[in-house]
Amino acid sequence: MAQQVYRRHFISAIGAGGAVGLAGCLGDDNDGNGDENGTETGNGDENLDRTLRVGVVQPQTGALGAVGQPVTDAATLPVKQIEQADTSLSVDLQTEDTQTEPQAAISAAQGLVDAGYPAISGPLSTATTLQIVENVTVPNEVVQCTLGTAPVISAVEDNDFLFRTSTSDEFMSRAIAQVATEKAQAETVSTLSINDAYGQSLAEAFAEAFEGEVLDQVAFDPEETSYTSQLSEALSDDPDALYVVAFTENGIQILRDFYADFDGETQILGSAGLRNPELGDNVDADLTNITGVDAIGAGPSVDYFTDLYEDEYDRETTQFTWQAYDATAVLLLANAAAGENDGASVRDQMREVASPNGESVGAENLVAGLEMAASGTEITYRGVATDVVFDENGDIESGSYVTYSYDESGALQLGERIDIGE
Amino acid sequence: MNIATLLAGGRTRLGSHFFELLVGVGLAVLLFDLLRRLVTDALRVFDLLLFVKEGIVLGLVIGLAGIGLALTYSILHFPNFAHGDYITMGAFAGWVVSYVIAGLGSFDLRDLFLIGVRGDAGGVVVGTSVVQTPVAIVTGLLVAIAFTILATILIDRVIYRPMRDEGVITLLITSVGVALILRYSIAFVWGQETTTLTANSRPQFTAPGIGVQVSTHELTLVACTLVLIAGIHYMIQQTKLGTAMRAMADNPDLAAITGIPTERVVLATWIIAGGATGAAGYLVGLETGILAFNTGWTLLLLIFAAVILGGVGSIYGAIFGGLVIGIVSNVALVWIPSDFTTAAAFLVMIVVLLVKPKGLFEGVTTA
């Protein structure tokens with residue numbers, strides 16, 4: 001407790017020193033005045049000549065390393081836009097690696113907070129997010145915008161410092177429940193899901209959302225050499241469909257065991273991990289009984305973002321790149337509107353920059369949007385992944401998904417788009 | 001005084017019997033419950049038989065992989081933590097050759113070398129399986145054996161031999177180092193992703209009246225395991241080398257005094273253990289159909305459990321221990337959710353060790 005208080009003093013001291021050193025003329029901000037709405041944003045020039053500070057924490061190694069690298073690139077893209085533009089605003093960015101480990105994530109985030117960053121964009125996984133929220137960002141009053149998807153994030157005691165630009169798995173489950181009923185025409189479904197926070201929360205949320213009957217819910221350990229026994233357990237009550245929540249590598253093995261040891265007539269509902277163009281090269285079977293759902297970027301400025309990302313990094317956008325861009329962009333906009341690198345002030349602007357009645361800002365006019373926010377104009381950030389409107393938990397209020405399936409030759413086919421709102 | 005000692009002794013005896021009694025009662029209850037579930041249809045006979053079959057296959061995988069570990073432990077007297085990565089190494093060496101033979105001409109050599117991790121040469125398109133590409137499979141198996149033998153001898157010459165007389169802890173930590181070097185050398189070339197090895201394991205044979213399917217690759221695994229065990233059994237029991245190995249396992253100093261050329265026996269041990277380990281790696285890949293840089297490391301804990309359960313140093317113990325671990329971790333699904341079944345297998349191992357501290361095959365030092 002005592003140490004916590006000490007740390008906060010220390011940080012605010014560092015933060016104040018840093019701000020004075022950088023801006024030189026910040027003037028009369030006295031710490032902790034109770035001004036909730038940040039009304040000091042009006043005086044233009046001073047705010048236009050600032051350095052916006054933002055930290056990015058994402059997994060670059062560990063289990064999510066492969067997914068995390070493109071996501072990190074997307075999260076730093078708004079900063080590149082500002083650096084390349086002709087503007088008096090500047091950005092101070094620092095990127096840290098969570099290693100997909102809660103402990104490493106805490107030290108990564110703590111490093112950023114100690115260095116005085118008022119806002120943190122990321123990380124990807126729910127487990128690391130929860131650790132950072134509890135140990136770093138909320139106790140130190142730093143805003144965090146995560147990409148974790150588990151419903152539990154909505155319920156965290158965060159003093160409103162935690163936001164997310166990815167949609168909760170509740171929405172994903174409603175989309176897959178809709179596909180189960182309408183496309184697969186299943187009345188009974190069993191689930192087979194990976195035994196971590198992601199798999200369990202998705203399976204539970206599905207059981208809530210599905211209108212038919214959920215027969216068996218089986219969790220699997222991702223390090224098994226064979227999943228036949230687990231499949232047999234999940235299929236023992238003969239469901240119409242089996243919902244498989246797995247990452248690609250377990251998914252391939254589960255499907256191989258499924259087609260080798262069972263009749264292959266049960267419909268398969270797939271999580272995002274089963275959407276992979278190489279699935280047909282790895283599973284020698286008729287894959288036409290698989291239908292699944294994956295999140296896509298479908299916000300107003302997604303096309304501009306896609307071009308920008310491909311030009312900058314020379315590869316296609318992948319899952320969570322849209323949400324990562326939104327996270328950093330909205331944190332920077334809120335920072336510009338707040339007019340100071342202070343966590344609580346940035347927090348108070350998070351909903352303001354996405355409120356519906358302002359000037360429309362997206363990936364294509366981000367820098368102009370930052371200048372508008374800094375000079376006190378009311379703006380509306382319209383996201384890349386979806387419309388960014390935060391509810392009282394700091395969650396996005398809508399999600400866009402796409403169905404996918406495989407044809408007779410094993411090629412991946414994308415189907416219709418599904419939009420899920422509150 | 002006497003009475004107190006007597007009482008204490010009696011209590012200890014009762015205590016140990018009490019524990020065995022408890023285990024017996026527990027087993028009886030589980031067996032009864034299993035029958036009840038089968039009779040009341042809460043558990044399908046098909047499911048139970050499938051669990052047992054999967055358990056046997058997993059058990060043979062673990063047991064086969066454990067033979068090499070049991071051998072080197074009994075002769076060299078240290079647990080080789082690099083064993084798991086010897087398995088991975090053998091699998092990669094063998095499968096690269098299988099891919100090159102199966103896909104030469106139709107695919108780029110570089111893609112074939114990367115066995116589907118990158119490039120176009122995925123398992124399904126190359127079409128590797130026992131039935132479709134028997135030559136590639138047999139050659140791959142032989143290469144896996146040969147390569148692992150050479151690599152284990154090389155590692156022994158360079159690393160283990162200079163520290164032969166060091167303590168167990170030194171050797172153990174060194175072997176962890178060797179494990180890490182091997183694993184990340186493999187990851188450096190082939191990456192950290194899992195790759196699919198085989199196209200399929202067809203044809204499948206359906207056991208008459210039961211409905212459980214057995215694949216060609218599972219039958220191959222069983223056959224190769226039996227051949228390997230028979231071969232090693234003959235070698236250890238019937239040859240002069242085997243006698244020397246058993247002597248060294250019992251008492252290395254005495255063996256050296258008697259004139260047994262210990263270094264040559266060590267060399268022979270590495271050859272046999274390396275060959276068995278390379279074969280195990282290749283066959284594990286064949287049966288599971290997938291391979292990653294950490295496949296062997298992931299299996300190592302189960303392998304150690306099997307070897308300890310069977311009685312450290314006994315190759316039959318390794319096979320039997322593997323079967324117990326495999327069957328328990330699958331049949332446990334009847335009662336507990338699948339994420340706890342490995343824990344159940346280890347619980348069984350601990351219970352066995354409490355009742356029989358030297359493992360199931362205690363005293364039968366075969367190698």
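Biologist: In chain A, what share of contacts between residues at least 6 apart in sequence join residues at least 24 apart?
Modeller: In this predicted model, the share is 69%.

Biologist: How many helices and strands does chain A have?
Modeller: Chain A has 14 helices and 14 strands. Of its 422 residues, 57% count as buried.

Biologist: Switching to rings. How many aromatic pairs are there over all chains?
Modeller: The count is 19. One of them is Phe206(A) with Tyr243(A), a tilted pair at 4.9 Å centre to centre and 50 degrees between the planes.

Biologist: Which parts does that pair tie together?
Modeller: Phe206(A) is in helix α7 and Tyr243(A) in strand β8, so the pair links parts 37 residues apart in sequence.

Biologist: Are Phe206(A) and Tyr243(A) buried or exposed?
Modeller: Both Phe206(A) and Tyr243(A) are buried.

Biologist: Why does the pair Tyr160(B) and Trp270(B) count as stacked?
Modeller: Because the planes of Tyr160(B) and Trp270(B) are at 5 degrees, with ring centres 5.9 Å apart; planes under 30 degrees apart count as stacked. Tyr160(B) lies in helix α6 and Trp270(B) in helix α11 of chain B, so this pair ties together parts 110 residues apart in sequence.

Biologist: Which charge lies over the face of Trp297(B)?
Modeller: Arg183(B), at 4.1 Å from the ring centre. In chain A, Arg347(A) lies over the face of Phe161(A), at 4.4 Å from the ring centre.

Biologist: Last one: how far does helix α8 of chain B reach?
Modeller: From first C-alpha to last, α8 spans 32 Å over 23 residues, close to the expected 33 Å. Its buried residues include Leu221(B), Ile229(B) and Met235(B), and the cover over the buried residues of α8(B) includes α2 and α11 of chain B.

Note on methods: Residues numbered from 1 in each chain as written. Chains lettered and ligands numbered in written order. Predicted model: local features only at pLDDT ≥ 70, side-chain atom pairs only at ≥ 80, totals over all residues. Heavy atoms only, no water. Helix = DSSP H or I, 4+ residues; strand = E, 2+ residues; numbered from the N terminus. Expected span 1.5 Å × (residues − 1). Buried < 20%, exposed > 50% of the residue type's maximum accessible area, 1.4 Å probe, protein only. Contact = heavy atoms within 4.5 Å. Phe/Tyr/Trp six-rings, centres within 6.5 Å; stacked < 30°, edge-to-face > 60°. Lys NZ or Arg CZ within 6 Å of the ring centre and 35° of its normal.
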